[in-house]
Amino acid sequence: MGDDDTQRIDDAVGPDEFLRKTSRADESGARTESEPGTVTYVESTPDSNTDATEIRETIERNAPDVVAVELGDLRYSELVEEAETDVDRDEVVGGKTSAQLLGHWLLSATRDRHRDGTDTAPASSAAAAVSAADTQNVPVALVDRPLENTVSDLWRRLSRRAKLSAGGALVAEFGGPLKAGLGIGLFWGLLLGATVRLVQGPLLVPVEALSSGGSGDGFGLLEPLLSVLDAVVLIVLIGLVIGALLSVLLSRATAGFERAEDPAADGDEIATVIAERSESAADARTLTERRDAVTARRLLALREAGYDVLAVVSAGRRPQIERFVETPASVPSTRVDDASSSTRLRSILYRVVGYAFTLGFLSVFVLLALGGAQDWFVLQLFAAWFLVNFVAAAGVAWLAGAHWTSAGAGGAAAWLTSVNPFITPGLFIAYVELQYTRVKLADIFRIKETLAMRDRGLLERLRGLHANVGLFRLLAIMTVANLASFIASVVFVVAILPFLAADVGGLDGVGELLLDGIREGRRLLEAAL
């Protein structure tokens, strides 16, 4: 969801960028550039059952060169069932596909509510226009702002609380707030409980009292069994506490997210999403104005290229779009600016700190190598650090379905996560795995459709998604690899590091040893310079 990509797409006004030929359309309708075209408007409303007929009749009567519809690439592909196109690897890694997935999910929620209140299908006006254009051999122009750009712009403007609410509602799609909360809670219970037991003895089960006073082989096994029981009880208890709290929070998030006003009679589904999800009227106006500006720019580009255009637009959008087209100088910039300068500054600071920390770590490593602070121990320390992260990230990714080459690439980069959280093994795995895994636009729709099948069990749905939907499998592999790398870093610090440090005076000894090596390395470097 980078700014540069969004700006490039929003400001691309050449007709070739957004003209789509229907199955029988040709290019015979274009005029010469010296003869400007015209723009004629047809209004549509979401609750009108007569729109489709009127639109078809108007297209037949006017015989335009181009029919313009309120659709972007994603919604057009969904409408004409051409979503089997492979998605470019850079779009997946760069976050565009994630924005499309979020946008489709928001639209689906709006459509579900809209479908409950009317018999008219969402985007029926656009569907009728595309169908009529196909019948009349007329190209279709996609003049709406790309959905992922609107969603990215909207997301940047949301508060942390609103983002958590939306994220919580999305997580709850996997099986309801209770199951999702307990599942996440037990995961964190396993992580926290195991970490506590690595550094602390039994806490809940009186192991010594129950295992003392006995003799024989059976009693010899009793103490370790009771210790394991204590760990299990601790993990389950922590998991249930966290899970219960998360379930309540997810329930509230879902209720708050689903609480929405009825769509305006003269607005389309994207206008409804903007109105429902924007936290202020000013944000909603800005997003609506940018969307109208993109549509106006594209209509102007078509008119200047010599096309007679029939534009099918929502009744609520027509006045603003028409005003922009009549006075092109009034069309505002459609670039995505820094919705919040503090947000951009915070992002830059995070990256500066992350890369500064990485540079500092590499500098320390060089000084240690020069200082020769017990070279064998330092080599053991860093080798263990690398191997633990490699085995965890690569092993889990491979078990999750990644190819060994992509799993290896992620594992090799996993240790860097400990010194720079912006470098994650999941990104490396995704970039290599996309050479083998095909991600299609249709995956975005299939994920939502499959999660909505509540008549099937959660595990059955997840297995189906993992086996048949490339995007879901890729996201799952990235997620588990990143979690595994994080857990491996925790295990290294609380379990493996104390074990390695036993021969050099414990953790204090390790600190002194590393400081001595850094001092010696700095002395040698200063002498050489």
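Buried means under 20% relative accessible area, exposed means over 50%, and partly exposed is in between, with a 1.4 Å probe and protein chains only. By that rule Arg318 is partly exposed at 22%, and Glu322 is partly exposed at 23%.

A word on the model. This is a predicted model, where local features need pLDDT of at least 70 and side-chain atom pairs count only at pLDDT 80 or more, while totals for chains, interfaces and linings use all residues. Residues are numbered from 1 along each chain as its sequence is written, and side-chain values use heavy atoms, with hydrogens and water left out.

Back to the pair. Glu322 and Arg318 form a salt bridge at 3.1 Å, N to O; the term means a side-chain nitrogen of Lys or Arg within 4 Å of a carboxyl oxygen of Asp or Glu. Both residues sit in helix H14 (residues 318-326), four residues apart, about one turn of the helix. Helices are DSSP runs of H or I, at least four residues, and strands are runs of E, at least two, numbered from the N terminus.

The count comes to 15 salt bridges. Another one joins Asp144 and Arg75, at 3.3 Å, N to O. Asp144 is in the loop between strand S4 (140-142) and helix H7 (147-157), and Arg75 is in helix H3 (residues 73-79), so the pair ties together parts 69 residues apart in sequence. Asp144 and Arg75 are buried.

Next, Arg456 and Glu460: their closest N and O atoms are 3.5 Å apart, in a salt bridge. Arg456 is partly exposed at 25%, and Glu460 is partly exposed at 40%.
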